[in-house]
Structure formats: structure tokens, C-alpha cells
Amino acid sequence: MTLAENSTRRIKLQVSLDLLNLEQALNLVERTQTCVDIVEVGTPLALREGISVITAIKNRFPALLVLADYKIIDGGFYEADMAFQAGADIVTVLGAAGDATIAGALEAAAGRGKQIMLDLLGLDFTEAKIAHLDGLGADYLCVHTALDDQRDGALPLTELEETCRILKQSRLAVAGGLNESNLPRIMPYHPAVVIVGGGITRHGDPGEAAARIRKIMDEFNG
């Protein structure tokens with residue numbers, strides 16, 4: 001998918017709920033729901049609260065999409081289908097997973113009218129690999145700076161440029177250390193989904209932070 005094609009779509013803001021419990025997560029979504037499009041049940045939250053957290057968030061905020069950040073590496077159909085049954089609209093699968101695992105997750109998504117995001121976290125980033133993943137039929141490919149790599153302020157700009165050039169089918173998502181200050185460096189790549197965690201969740205006023213980020217996104221998308 002070219003930059004021009006990506007730029008014609010409304011960019012979705014995904015808030016990543018990681019280092020929270022269920023009560024905190026629900027409260028934060030309540031404060032940001034007018035600005036966000038996707039609520040991510042982050043891996044730590046999913047591990048802490050269990051699969052019921054997906055159902056709780058979807059039931060409270062049915063108009064928002066819920067993403068289960070399961071980072072599936074095996075058991076693609078079964079793990080994705082469990083998340084979909086619980087109320088998830090999107091499930092993440094690691095791009096490093098085998099093709100059979102990815103195919104299983106895609107089968108589960110197709111059977112329920114849901115979506116799959118392939119997370120490129122930790123992937124041996126080559127043009128051939130990205131082109132191959134793009135051809136598998138996932139809805140999104142996510143360029144992701146790992147949490148443990150964010151301390152030096154690293155942004156995946158080289159990976160974004162390469163991925164934008166390669167993508168023809170999947171849409172681009174970007175995650176990892178994004179906030180109001182560095183987002184303008186990301187937006188020229190016209191991602192379909194911008195994923196923000198601490199830039200919203202650790203802000204003194206999450207609603208205000210989400211609104212400011214939404215404004216930057218809308219200005220680039222306008």
C-alpha cells in the first residue's frame with residue numbers, strides 16, 4: 001500500500017493499556033473514549049486479569065474496537081478464536097510465527113468477521129520477509145519498538161520507511177514510545193493505526209493527552 005493510499009483513510013488511535021488493573025483500565029477508557037478508536041488489552045493486562053478483561057472492556061464500551069495483544073506465536077487458530085469469542089475485534093500475532101500459525105489466526109478471524117495484526121517485534125527485518133508477511137492477508141502489519149528498547153528514545157523510522165515502500169495489501173500500524181512530542185516524526189508515513197501507551201496512560205490528564213494526540217493525527221490526515 002502506498003503512502004497516498006494510506007493517507008486517504010482516517011487514522012485510528014489505539015490506546016495501549018499495559019501496566020494497569022481492570023478498574024484502572026476502565027477508568028482510563030472512560031476518560032479517553034471520545035478520542036480513541038481502538039482499546040488495546042496489552043499483554044501485561046491480559047496476563048494479570050485474564051481473558052475476562054476483554055469482555056469487560058467490550059461490554060462497557062461496545063462502540064470501540066478492542067484489540068487483544070496476545071502476540072501469538074503458536075496455536076494460531078485456538079488462541080485467536082478464544083480472544084474473538086471473548087469480544088476482541090483484533091488480535092495480534094507475531095510476524096516471527098510460522099505461516100501455519102498465522103494462517104490459523106486468519107482463519108479464526110475470517111470465521112468471525114474479525115481482524116489480525118501481525119506484530120513485527122523482534123523480527124529479522126528484511127525486504128523479503130516483510131513482502132512475504134504482507135502477502136499472507138493480515139489486516140495490519142505493526143512496526144514496533146520494543147519496550148526494553150525505548151529508554152534511549154529510539155523510533156523505528158528506517159523500518160517505517162522500508163515497510164511503507166513494501167506494503168501492498170496490509171495496512172501499517174506503528175507502536176513503541178509514541179507521544180505528543182515525537183508523533184510528528186511518525187505521521188508523514190501515514191500509518192493506518194497509531195498506538196500510544198504511556199504517552200496517554202502515564203499522563204497527568206489522559207483525556208487531554210489523547211485529545212492532543214488526536215489533533216496532531218487529524219491535522220496530518222486532513
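How close do the axes of helix H7 (residues 127-134) and H8 come, and at roughly what angle do they cross? The first close-up takes that on. A quick note before the views: this is a predicted model, where local features need pLDDT of at least 70, side-chain atom pairs count only at pLDDT 80 or more, and totals for chains, interfaces and linings use all residues. Residues are numbered from 1 along each chain as its sequence is written, and side-chain values use heavy atoms, with hydrogens and water left out.

**View A. Helix H7 against helix H8.** The two axes come within 10 Å and cross at roughly 50°. H7 and H8 are therefore oblique to each other, and their crossing is right-handed. On the H7 side the contact uses Glu127, Ile130, Ala131 and Asp134, and on the H8 side Thr163, Arg165 and Ile166. Sorted by class, that gives three nonpolar, one polar and three charged residues.

Some terms for this view and the later ones. Helices (H or I, at least four residues) and strands (E, at least two) are DSSP runs, numbered from the N terminus. Axes are lines fitted to C-alpha atoms, for helices over the stretch in contact, with angles from 0 to 180 degrees between N-to-C directions. Angles under 35 degrees count as roughly parallel, over 145 as roughly antiparallel, 65 to 115 as roughly perpendicular, and the rest as oblique. A crossing is right-handed if the near helix is turned clockwise from the far one by less than a right angle, and left-handed if anticlockwise. Contact means heavy atoms within 4.5 Å. Ala, Val, Leu, Ile, Met, Phe, Trp, Tyr, Cys and Pro are nonpolar, Asp, Glu, Lys and Arg are charged, and the others, Gly among them, are polar.

View B. Look for Lys168 in the loop between helix H8 (157-166) and strand E7 (171-175). With 67% relative accessibility, Lys168 counts as exposed (over 50% relative accessible area; buried is under 20%, partly exposed in between, using a 1.4 Å probe and protein chains only). Lys168 and Asp134 are 34 residues apart along the chain, yet their C-alpha atoms are separated by 6.9 Å.

View C. Start with H2 (residues 22-32) and H4 (residues 52-60), whose axes come within 11 Å and cross at roughly 30°. That makes H2 roughly parallel to H4, and the crossing is right-handed. Leu22, Leu26 and Glu30 of H2 meet Val53, Ala56, Ile57 and Arg60 of H4. This contact holds five nonpolar, no polar and two charged residues. Now switch to H11 (residues 206-221): H2 packs with H11 at about 50°, with their axes 8 Å apart. That makes H2 oblique to H11, again with a right-handed crossing. Here Leu28, Arg31 and Thr32 of H2 meet Pro206, Gly207 and Ala210 of H11, a set of three nonpolar, two polar and one charged. Also in helix H2 is Glu23, which counts as exposed at 66% relative accessibility.

View D. Gly42 sits in the loop between strand E2 (38-41) and helix H3 (43-49), and at 0% relative accessibility Gly42 counts as buried. Skipping residues up to four places away in sequence, Gly42 touches Leu17, Asp18 and Asp69. Thr43 belongs to helix H3 and, with neighbours within four places left aside, contacts Asp18, Asp69 and Lys71. The side chains of Thr43 and Lys71 are joined by a polar contact of 2.8 Å (a pair of N or O atoms within 3.5 Å; within protein, one must be able to donate a hydrogen and the other to accept it, and residues adjacent in sequence count only if both atoms are side-chain atoms). Lys71 is in strand E3 and counts as partly exposed at 23% relative accessibility.

**View E. Positive phi values.** Most residues other than glycine have a negative phi. Lys71 has a positive phi near 45°, and His190 has one near 55°. His190 lies in the loop between helix H9 (183-186) and strand E8 (193-196), and counts as buried at 18% relative accessibility.
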